[in-house]
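Please look over the model shown here with the notes that follow.

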Amino acid sequence: MSAGAPVEGQAKLQQLNDVLKWSTKLTDVSSDGASSERSTMTEEKLRRKREFIEKNKHILDAVLSADYSHIDALRDTVLSPSSSIDDRANALEALQEYLEDRNYAINIQQTGILGALIYAFHHDPNRTGHTRALALWALASAMQDDAQVKTTVVGSTDPIDAQNFALHMILDGLKNDEDDEVRRKAILAASALLRNSPEFA
């Protein structure tokens with residue numbers, strides 16, 4: 001963690017570290033690398049261990065959920081009818097940067113980001129060429145050399161399935177859009193999808 005990280009965040013991580021240390025301190029590792037409880041682990045110790053972990057589970061949940069709080073806010077900005085075009089564009093740019101990180105990219109559907117990109121490209125009544133291009137750029141960043149994300153984007157053939165319409169974003173950008181910026185980002189997204197993935201060609 002960097003020196004500039006919030007003190008509260010450092011305290012949470014320290015608590016998390018303490019929980020993990022406590023939960024594993026009574027566990028041995030055998031010669032073949034498999035973990036096993038110490039022979040001295042009594043039922044009472046096991047019960048206390050389970051209670052301690054359950055009691056402090058919220059620490060782990062808080063640390064993990066905090067990682068996605070910014071993503072949630074950006075997604076909501078893209079989807080909110082009260083957001084200005086500039087706010088939407090800024091949110092899409094930020095999402096594109098997040099999606100360069102595989103930890104976020106592989107959760108593009110679960111976090112609702114994929115749906116937000118589809119909305120920005122297809123359904124936002126105030127969409128512009130620039131916001132459509134940003135949606136494609138974010139999609140391209142998520143797919144870069146990642147088979148799991150590519151499979152999510154290609155998805156099923158159900159015409160109302162969001163995964164399928166994500167693929168339509170690329171096709172529409174390539175074939176039907178007259179905006180140069182949109183076409184360039186559609187080419188980028190198509191390249192990201194097809195690179196090292198002949199199964200999608």
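1. Asn 196 lies in the segment that follows helix 10. In this predicted model, its phi is positive, about 60°, although Asn 196 is not a glycine. The relative accessibility of Asn 196 is 67%, and because the cut-off for exposed is over 50%, Asn 196 counts as exposed.

2. A positive phi also occurs at Asp 145, a residue other than glycine, with a value near 50°. Asp 145 sits in the loop that connects helix 7 with helix 8 (147–154).

3. How do the axes of helix 7 and helix 10 cross? Helix 7 spans residues 129–143 and helix 10 spans residues 180–194; their axes come within 8 Å, with a crossing angle of roughly 15°. Angles under 35 degrees count as roughly parallel, so helix 7 is roughly parallel to helix 10. The handedness of this crossing is left-handed.

4. Which residues form the contact between helix 7 and helix 10? On the helix 7 side they are Gly 129, His 130, Arg 132, Ala 133, Leu 136, Trp 137, Ala 140 and Met 143. Helix 10 contributes Glu 181, Val 182, Lys 185, Ala 186, Leu 188, Ala 189, Ala 192 and Leu 193. Sorted by class, the contact of helix 7 with helix 10 has 11 nonpolar residues, 2 polar and 3 charged.

Conventions:
Residues numbered from 1 in each chain as written. Predicted model: local features only at pLDDT ≥ 70, side-chain atom pairs only at ≥ 80, totals over all residues. Heavy atoms only, no water. Axes fitted to C-alpha atoms, helices over the stretch in contact; angles between N-to-C directions. Helix = DSSP H or I, 4+ residues; strand = E, 2+ residues; numbered from the N terminus. Parallel < 35°, antiparallel > 145°, perpendicular 65-115°, else oblique. Left-handed = near helix turned anticlockwise from the far one by under 90°. Contact = heavy atoms within 4.5 Å. Nonpolar A, V, L, I, M, F, W, Y, C, P; charged D, E, K, R; others polar. Buried < 20%, exposed > 50% of the residue type's maximum accessible area, 1.4 Å probe, protein only.
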